[in-house]
Amino acid sequence: MIICPQCQHHEMDGAIFCSECGAQLIGAVPVDTHRIEGNEGALRQRPTAPSQPATPSLPKAWLSLHILDSGYILPLADREEFTLGRVVDGQPIMPDVDLTPHNAYAYGVSRLHAVLKLVGDEIVVMDLNSSNGTYVNGVRIPAQVETRLVHGDVIALGKLKIQVLFSRAKS
């Protein structure tokens, strides 16, 4: 069992991201290693392939959000629309993506700040009348207007900068 360093949520062994807050778990928990006892002579006789580092398999997602200040990557999948914001105790409506663990309040992220939508094979962002605005590549977008994004665009919710990593579904 892995315990998330951000929110203390318990995850199954092998999890890469916390399902509760999205925090990256790789490298957060030390891995115990053990010596395997056996016939060492037989192992030496086998030809060995050059050692290659294991690449962790990331969850498949059509959209991932890279929080630029912290380096966290939040994979999003299985839906066509995600609201972005922060959680406050007693809030009746919760955002789909809670940015609270990423210092959202200090950066000026509203409770329901923006929405990301998959429209056809494109992704759009729309500001939900947030207090501090939504920016795409440094340009403020008007509230309630869908703005097209491409892979690598940087959106800012208030001052929280997030790079959009977008992959079209392969047929």
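This is a predicted model: local features need pLDDT of at least 70, side-chain atom pairs count only at pLDDT 80 or more; totals for chains, interfaces and linings use all residues.
Local features need pLDDT of at least 70 and side-chain atom pairs count only at pLDDT 80 or more, while totals for chains, interfaces and linings use all residues. Residues are numbered from 1 along each chain as its sequence is written, and side-chain values use heavy atoms, with hydrogens and water left out.

His113 sits in strand S7 (residues 112–119); strands are DSSP runs of E, at least two residues, numbered from the N terminus. His113 is buried at 0% relative accessible area (buried is under 20%, exposed over 50%, partly exposed in between, with a 1.4 Å probe and protein chains only). Polar atoms of the His113 side chain lie 2.9 Å from the backbone nitrogen of Ser110 and 2.8 Å from the backbone oxygen of Gly133. Beyond four places in sequence, the contacts of His113 (heavy atoms within 4.5 Å) include Leu84, Asp127, Thr134 and Leu157.

The whole structure holds 3 salt bridges, each defined as a side-chain nitrogen of Lys or Arg within 4 Å of a carboxyl oxygen of Asp or Glu.

| Salt bridge | N to O distance |
|---|---|
| Arg79–Asp96 | 3.1 Å |
| Glu146–Lys117 | 2.9 Å |
| Glu122–Arg148 | 3.0 Å |

Glu122 lies in strand S8 and Arg148 in strand S11, so this pair ties together parts that are 26 residues apart in sequence. Glu122 is partly exposed at 29%, as is Arg148 at 44%.

Note on methods. Helices (H or I, at least four residues) and strands (E, at least two) are DSSP runs, numbered from the N terminus. A polar contact is a pair of N or O atoms within 3.5 Å; within protein, one must be able to donate a hydrogen and the other to accept it, and residues adjacent in sequence count only if both atoms are side-chain atoms.
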